[in-house]
Amino acid sequence: MNWEVIFRNAIIAGFSREAAVYAIAAVGLNVHFGYTGLLNFGQVGFMAISAYGVGISITQYGAPVWLAFIIGLLAAVLLALLLGVPTLRLRSDYLAIVTIAASEIIRLTFRSVALTEWSGGSNGINGFADGYYRFSPFDPSQRYGFGPVEVFGNQAWIIVVGWSLAILVTVLVWLLMRSPWGRVLKSIREDEDAARALGKNAYFYKMQSLILGGMIGGLAGIVLSVGQQTVQPDAYSPPVTFFIWTALILGGVGRIWSPIFGAIAFWMILSLTNNVLDGLVNVGIVPSAVTAGVRGGSIRFVLVGLGLMLLMAFRPQGVFGDRNEMMLADR
Amino acid sequence: MKTATIAVTGGTRDGRRRLLLLFALLLAFGTTLSTAGFAQDDGPDVGFRGTFVNPGDEPMPIEGIRVEVTDADGAVVGESVSDAEGVWVVEVPGQGEYTATVDQATFPDGVTLRDPDTNSRTLPINPGQVRPILFPLGDGPIPGTVNTGTDVRLILQLMVEGIKLGLLIAMMAIGLSLVFGTTQLVNFAHGELITLGAILAYIFNVTIGMPLLVGAILAILATAAAGALMDLGIFRPLRKRGIGLISQLVITIGLSLFMRYLMLYFFKGDPRSYADYAIQRGNSYGPIVLASKDIWSIALSILVLGGIGLMLQRSRIGRAMRAVSDNRDLAESSGINVQRVILIVWAVGSGLAALGGVLWGVGESISWIMGFRLLLPIFAGMILGGIGTAYGALVGSLVVGIFIQMSTLFIPSELKNAAAMLVLVLILVVRPQGILGRSERVG
């Protein structure tokens, strides 16, 4: 096994555009779950609806890039309203049920044959990202990087933009959570009845939190689709939400930098396990049937599921988290 | 005060050990599945497959029909001849759009395509997908040209299919609802218990070769045991350690992901059918056409649901279940062993989920994702009826089942689950406690 390659791959994975996307989406989820206590199990639905909002408004209506991005984010706001209005007055598990269901329905709807003309069916939407790459200062045919880690120009552009956005939304959330508004959110997380008793309209605050986190999730979806230069429905399947959850819990729920640390750590661990497993197969220690075909892909989901369970059972505050921020009341 | 602390830490350590034990068991579950000889698979990783069946009074598979697959440029990428079971499989080099053409010259005498104009079909293939293609033979309605107007016969047909679906959903929903009623936990891994039941029955039926009836009973028992194990190994220790409901909820999500992809790992992605009752011809009952397996499914569902109702109403354990759902502390102080009741609820609910999974597998097909897909209509039925109430789950599921089938009158059937979503959102707006629920449970 070539450890140098394995670690280089892990570093590339840790700072890849996927990691940036997960970091942004996890910031949104942190607003929902970490600061307000909302159980959003459909973050990928927000990502999908924004990505499709951008893709459809560019390919179908020829919208300029900036307008398409705004439309994409507005789509996430609409989804938040649609999911929040019926459920945020109820027990917290209703939101969980509705979001998990909605994220799968959104994917199935966009990939349906009936809407192929509009959303491209299972092939998705292509060729909408050129307007974005026109702003790239990098030469697409050139390789950029530091040390042994190098990527092509377009990739470098999306990585720079993706991580800048991740830091930007993190700072934004940090500022918001220091404000009186943020303190109300935290008080709702700790004890909704107490917040209500002090005259705060918990429903409206929760709604605002759902919209804000949903828009941040939508931003992540847009970065993903632009980075892949395609909106492919199956890139927005439900397990993505749970990957983001795992990344967030890994970093520590309710901490300001944890989504970024968590996403980097998550992708590095995932890349390490995959590469080590592949290495073991190549060396012949593990039989190749173990990772053949669909199996190689499913192993990571099995591991993430196991990891999510173990983290939640034994270290719910995550690697960097503070246990006091994770004392979730039984609501 | 001191004693209490010691007792709590003692419980924690015990819980921790049990949790670790469970994770070991889960891994063992994986290895058992793989050593069942189930791991080897013969299907292609990407391609098309199909079955030729002559729809006579006795459906007969047809051997020797040739199918040719060409890629987008018209180059032949593969061909296949149907075997003794009428099955043909063509592997393709990768993702892309391919055209499958059936060679009518290889048809035996008396066999014709139902629609002579469609001897070829062009379909996209996604990575890892084995796409089923149907070339219908003989007389009968041509798929896709079914009259979608508001024809009374069609409405009646959809109504009956909706009742069948609703009863199945009800059977699967009752377990979820009972677990919620007794522990306040929404178990997102319930869908995977459905899949587990269906897949275990497949192993017993196809891999080992038992009759499906025997295999199904074994699968139900095994899934009930798996459900009981989940409570004993994961959720009881978590409750003992005082882990909050929200954390438990996230753990059910992790468990669902873990089980689902473990089943994908061993079962692969393509949908399969049981060896028995796979092909059945529909019989006409007045204006309605139903296969006899559909009638069995309806009858069995009614019987089982009736049995569950009787158990809840009359038996000691049923009363205890209702008592725990009503008021756990009161039940506990009146001498009911609450932990034991919860354990039985997990086992019974999982068994029902498995039965629902097997019936779904007989009527449709078995796949690793079926349980997850079914979770949405189950949630819709459960919430419509009133979350945590067993009878509510029944009523709500029937309504959802009929609504889903009826919605295909107006929207493409691939989107019918979106209709279930719509019902769910509407109920939550109008009457969040559901038809039979009590409002104090909510909010």
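## A strand pair in chain B

In this predicted model, strand β1 (residues 47-51) of chain B pairs with β6(B) in the antiparallel sense, over five bridges. One residue of this pairing can be traced to its partner: T51(B) is bridged to V87(B) in β6(B).

The two strands belong to an open sheet of three strands in chain B, ordered β6-β1-β9, and its pairing is mixed. The edge strands of the sheet are β6 (87-91) and β9 (130-132) of chain B, each of which pairs on one side only. From one strand to the next, the twist averages 20°.

## A helix contact between the chains

Two packed helices are described by the angle between their axes and the distance between the axes. Helix α14 (residues 294-314) of chain A and helix α5 (residues 245-267) of chain B have axes that come within 8 Å and cross at roughly 160°. Angles over 145 degrees count as roughly antiparallel, and α14(A) and α5(B) are therefore roughly antiparallel to each other. Their crossing is left-handed. Sorted by class, the contact of α14(A) with α5(B) has 20 nonpolar residues, four polar and one charged.

## Confidence of the prediction

For the complex, the predictor gives an ipTM of 0.85 and a pTM of 0.77. Chain B has an average pLDDT of 80, and 82% of the residues score at least 70.

Among the elements of chain B, helix α3 (residues 190-207) has the highest mean pLDDT (95) and helix α1 (residues 2-38) the lowest (49). The pLDDT is below 50 over residues 1-12 of chain B, a stretch with three contacts in the model beyond near neighbours in sequence. Residues 31-44 of chain B also have a pLDDT below 50, and this stretch has 19 contacts beyond near neighbours in sequence.

Definitions and conventions:
Residues are numbered from 1 along each chain as its sequence is written. Chains are lettered from A and ligands numbered from 1 in the order in which they are written. This is a predicted model: local features need pLDDT of at least 70, side-chain atom pairs count only at pLDDT 80 or more; totals for chains, interfaces and linings use all residues. Axes are lines fitted to C-alpha atoms, for helices over the stretch in contact, and angles run from 0 to 180 degrees between N-to-C directions. Helices (H or I, at least four residues) and strands (E, at least two) are DSSP runs, numbered from the N terminus. Angles under 35 degrees count as roughly parallel, over 145 as roughly antiparallel, 65 to 115 as roughly perpendicular and the rest as oblique. A crossing is left-handed if the near helix is turned anticlockwise from the far one by less than a right angle, and right-handed if clockwise. Ala, Val, Leu, Ile, Met, Phe, Trp, Tyr, Cys and Pro count as nonpolar, Asp, Glu, Lys and Arg as charged, and the others, Gly among them, as polar. pLDDT is the predictor's confidence in each residue, from 0 to 100. Two residues are in contact if their C-beta atoms, placed from the backbone, lie within 7 Å. Two strands pair if DSSP finds at least two bridges between them.
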